[in-house]
Amino acid sequence: MPRPSFDPRRSSSASAALAVGVLAGLCTLPALAQAPDNSALQRQIDDAFRQVLSTPGDLQIGLAYARLQVQAGNYEGAIAAMERMLLVPDAPASVRLELGILYFRLASYAMAEAYLRQAAADPRLPPEQKDLANRMLKETIRQNQPNRLTGYVMAGVRGQTNPTTRTEEDFLKSGGALVPRTASQKPKSDTDFQVIGRLEHTWDLETQNSAEIVSTLFGVASHYSSVSSYTLTANPTKPRDLVLVEGTTGLRFKPAPAEASGWTVRPHLILGNILLDGHQYAYSVGAGLETSYQVSERLLLNAAYEGRNYTYASRIDVSEAKAQGGFEHTLRMRASYELFPRNVLVGELIGRDHNADRDYFAYISGEARLSYVASYDNPFGWDNQLWTSVLSSGITERRYDGADAKIDAGRRRNDTEWRTSFNTTIPLNESWSVLLQGEYTKASSNLPNYNYSNTSGLASIMWRF
């Protein structure tokens, strides 16, 4: 009976999306206050500005005005207001800390380091703020180094109700006819142990256009509890242990540093390899182009194109595996907007055109994702670390180029997949954290063989460096 062909990129996509969500949450920097309604906030800013003009020597009024500018996302205006306050004797010790954080957010790491060093050395700074100043100083010093190596390693256990994406239908299509689903085609839950890691090395060339060579290495490895042997057999019923490795390297620079200082471009090369159950499955070679533009302190736009050629190995456990190979074009566009401090909305569109030796493996897909990232104080109050939660939902539409006669010669496959996830990152210290995630996937197709749902839960520990 025909079975759906296995696509490891689908199996690893949840892990990759999870890692991206975690990093997005962890990179949300500590903010100083919550924001009221925009119109009310602007009235407060106007009132505070009038008070500053009437009483320029009042530190509390000046500090309140600067912090209102932070809430409005006008970091440069807040910096100007706070730096004026330093001219007044007995300025609060926290002013330099807040200036350091603001300069960090603007990627002015030299100025951030100077203010954070002064703040950390000020004996008037309360212990919690001194701890924050030291943590921010450590990260700022790392950002100032010409050679930087950053990354994370995450290890955890995941449970899934349907890891092999078996159909939920009682009857499947085979040669155009409906036939009863066999016992081996029924969904079956399983648990896997997975390790995910990412390294990024940046070599600053110290040029006027901020050129730097950026290289990344990403890897995923998972092992299912039901898998006890890597002997390949036809029509397997168990999940596949996966090892995926992908590396990129390229030059990131600012094409117009004077006219558009927030615009960066990175052309790069891509190499990837995939193993299933310890045996070669596919490798990819290609190139890409990434660009980002910091429109304002709150809005960041990203776009990326990748072109890769996928080559698949011949395997008896994957139907026509070698015929799935071909060139793939991918276009991604993303916008990140800080609604107010500690709260970021991320929207993403992904288009993909995958060619293959058989037209029933070739497809065009479109995906839309929306994520809400919120960082907040420890709700239990045992430390001053920020927790981060990410709520994400997305839809993918996939249209195949041709019909597979083994399933239904008169119908080309069309799929719609919904995916919703929620994860929370609980920091243990500045390097270690715990991640908890739940995810639900529902796929519907015009062919009953591909209708499925899957619910998963993940608990992992993560080390960032």
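At what angle do helix 4 and helix 5 pack, and how far apart are their axes? The legends below take that up, starting with the whole chain.

**View 1. The whole chain, a predicted model.** Of the 465 residues in the chain, 44% are buried (under 20% relative accessible area, with a 1.4 Å probe and protein chains only). Take the contacts (heavy atoms within 4.5 Å) with a separation of 6 or more: 61% of them join residues 24 or more positions apart. Residues are numbered from 1 along each chain as its sequence is written. Local features need pLDDT of at least 70 and side-chain atom pairs count only at pLDDT 80 or more, while totals for chains, interfaces and linings use all residues, and side-chain values use heavy atoms, leaving out hydrogens and water.

**View 2. Helix 4 against helix 5.** Helix 4 (residues 75–85) packs on helix 5 at about 150°, and their axes are 10 Å apart. Axes are lines fitted to C-alpha atoms, for helices over the stretch in contact, and angles run from 0 to 180 degrees between N-to-C directions. So helix 4 is roughly antiparallel to helix 5 (an angle over 145 degrees). On the helix 4 side look for Y75, A78, I79, M82, E83 and M85, which meet V95, E98, L99, L102, Y103 and R105 of helix 5. That contact divides into 9 nonpolar, no polar and 3 charged residues. Nonpolar covers Ala, Val, Leu, Ile, Met, Phe, Trp, Tyr, Cys and Pro; charged covers Asp, Glu, Lys and Arg; the others, Gly among them, are polar.

**View 3. Helix 5 against helix 6.** Now helix 5 (residues 94–105) packs on helix 6 (residues 109–121), with an angle of about 160° and axes 8 Å apart. That makes helix 5 roughly antiparallel to helix 6. Among the residues making the contact are L97, G100 and F104 of helix 5, plus M111, Y115 and Q118 of helix 6. The contact's residues come out as 11 nonpolar, 2 polar and 1 charged.

View 4. pLDDT is the predictor's confidence in each residue, from 0 to 100. Its mean over the chain is 87, and 87% of the residues reach 70 or more. Where pLDDT is low, the predicted coordinates should not be read in detail.

Methods
Helix = DSSP H or I, 4+ residues; strand = E, 2+ residues; numbered from the N terminus. Parallel < 35°, antiparallel > 145°, perpendicular 65-115°, else oblique. Buried < 20%, exposed > 50% of the residue type's maximum accessible area, 1.4 Å probe, protein only.
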